[in-house]
Amino acid sequence: MRRLRAMIVKEMWALLRDPKSRLILVVPPFLQLFIFTFATTLDVRNVDIAVINRSAGVHSTELVSRIAGSPRFRHIIPLTSPEQLAAAIDNQRVIAALVIDQDFDRAIDVGRPATLGVVLDGRRSNAAQIVAGYLGQIAAGVGGDLQLRAPREGSAVTNWFNPSLDYIWFTLPSLIAIVVSVSGLGVTSQSVARERELGTFDQLMVSPLRVHEILIGKMVPPFLVGTFNATIYLILAPLVFGVPFLGSLLLFYLSLSIYQLALIGVGMLVSSASRTQQQAFLGSFLATVPLILLSGYASPIDNMPGWMQVITYANPTRYFLDIVQGVFLKAMPAEAVFQQLWPLAIIACVTLAASAWLFRARME
């Protein structure tokens, strides 16, 4: 234990003695918190849409007023002809255009179904589809108020786990997995490569330290850094951003620990295979990008090709992402957490064993 404690203290000093290193460990996670929380969102805001209102009745005016009052839209551009509509779409002045026919108000007054036309800019397909959803919700709200479909019956929509559909509630818990991945791989990948570049790796080889003691000593600092970053996010999420934490702290930190062990194993593989810190940096970047892209953070795993979905089962971030979102937003029970945790534990065992084997081989 004395040798192990000395190795851990030595690694912590190597990580913290440089003021620039201390700054890098603290500042980037805070910047990522505030940048990614608001930047990585599928919400569409501050867009302009065009309206051709050929009815100009009470109901169509009410519909246009509700669209203009929505925080999603910036300007409502009134148009009078299909030619103007085509020009506005072609020149990207608007992302969508709403066409209200002449018989819109007349159909509502006599109790017939009323239809609307929506023209979308297909060059921005994802944003256009989301805008179409916003317009559909507003039109459905007007229809509900006018009781077009159910004259005496009301309807209510409840969104489980995220009642207001605030995208930050999804983004911020996911950022814990992303930031822990970046910091864990970044710090771990530099550990052995730094020893080789500084010429101190040979000193480790002739020291009385055993291989497992060296490995544990190099794994503790990134583990502590990742735990610190995750704890900061855990505190700021409800206090600053209003994202509730409904689950168990014990399950959260247990899952976080196993996830970090899996990441540390990958980082030690990269570090053991690298001869310089630059190679280690490039290797960690090469490992981080697939981990994030194949986790379901950027796009749903179900949208990926079948062969790629199979590859995601070897990605530890996939499992921890489900755990952290479930623990935050829906108080995921222990049974559901362990269903995601046992594959994560297997990945951690494999990566740690592989990194230990490669490290031992490079020492010999």
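Trainee: What makes the meeting of the Asp 48 and Arg 74 side chains a salt bridge?

Mentor: Happy to go through it, bearing in mind that this is a predicted model. Between Asp 48 and Arg 74 the N to O distance is 3.1 Å. The cut-off is 4 Å between a side-chain nitrogen of Lys or Arg and a carboxyl oxygen of Asp or Glu, so the pair qualifies. A search of the whole structure finds four such bridges.

Trainee: What makes Asp 121, Arg 123 and Arg 124 a network?

Mentor: Asp 121 takes part in both bridges: one to Arg 123, with closest N and O atoms 2.9 Å apart, and one to Arg 124, where that distance is 3.5 Å. Both distances are within 4 Å, so both pairs pass, and the three residues are linked. Asp 121 counts as buried because its relative accessibility is 2%. Arg 123, at 49%, is partly exposed, and so is Arg 124, at 32%.

Trainee: Why is strand β3 described as mostly covered?

Mentor: Five of the five residues in β3 (residues 96-100) are buried. Ala 96, Leu 98 and Ile 100 point one way, while Ala 97 and Val 99 point the other way. Both sides of the strand therefore carry residues under the 20% limit.

Trainee: How do you know that β3 pairs with strands β1 and β4?

Mentor: Count the bridges. Five join β1 (residues 47-53) to β3 in a parallel arrangement, and five join β3 to β4 (residues 116-120) in an antiparallel one. Pairing asks for at least two bridges, so both pairs qualify. If you want places to look, Ala 50 stands opposite Ala 97, and Leu 98 stands opposite Val 118.

Trainee: Which residues have the most contacts inside the largest nonpolar core?

Mentor: They are Ile 176, Val 243, Phe 252, Phe 320 and Phe 328, in a core of 45 residues. The elements giving two or more residues to this core are α7 (167-198), α9, α10 (249-273), α11 (277-293), α13 and α14. The largest share, ten residues, comes from α7. Beyond neighbours within four places in sequence, Phe 320 touches Ile 176, Ala 177, Ser 255, Leu 256, Tyr 259 and Leu 344. Another core, of 20 residues, lies apart from this one and includes Val 47, Val 51, Ala 96 and Phe 104. As background, nonpolar side chains in soluble globular proteins tend to be buried together.

Trainee: What makes up the nonpolar patch on the surface?

Mentor: Its members include Val 26, Val 27, Phe 30, Phe 228 and Ile 235, and the patch has about 1100 Å² of accessible area together. Helices α2 (19-39) and α9 (211-240) each supply at least two residues, and α2 gives the most, with eight.

Trainee: Why does Val 27 count as partly exposed?

Mentor: Val 27, in helix α2, has a relative accessible area of 34%. Patch members need over 30%, so Val 27 passes that test too.

Trainee: What makes the phi of Gln 92 and that of Ala 331 worth a look?

Mentor: Most residues other than glycine have a negative phi. Gln 92 has a positive phi near 60° and lies in the loop between α4 (82-90) and β3. Ala 331 has a positive phi of about 50° and is found in the loop between α13 and α14. Gln 92, at 42%, is partly exposed, and Ala 331, at 36%, is partly exposed as well.

Trainee: Why is Thr 312 called buried?

Mentor: Its relative accessible area is 0%, and the limit is 20%, so Thr 312 is buried. Thr 312 sits in the loop between α12 (306-311) and α13 (316-329). Leaving aside neighbours within four places in sequence, Thr 312 is in contact with Leu 294, Ile 301, Met 304 and Arg 318.

Methods. Residues are numbered from 1 along each chain as its sequence is written. This is a predicted model: local features need pLDDT of at least 70, side-chain atom pairs count only at pLDDT 80 or more; totals for chains, interfaces and linings use all residues. Side-chain values use heavy atoms; hydrogens and water are left out. Helices (H or I, at least four residues) and strands (E, at least two) are DSSP runs, numbered from the N terminus. Buried means under 20% relative accessible area, exposed over 50%, partly exposed in between (1.4 Å probe, protein chains only). Contact means heavy atoms within 4.5 Å. Patches are made of residues with over 30% relative accessible area and no salt bridge: like charges are joined within 9 Å, nonpolar side chains (Val, Leu, Ile, Met, Phe, Trp, Tyr) within 5 Å. Accessible areas come from the Shrake-Rupley method with a 1.4 Å probe; for residues, only the protein chains shown count as cover. A nonpolar core is a set of buried Ala, Val, Leu, Ile, Met, Phe, Trp, Tyr and Cys residues joined through side-chain atoms within 4.5 Å.
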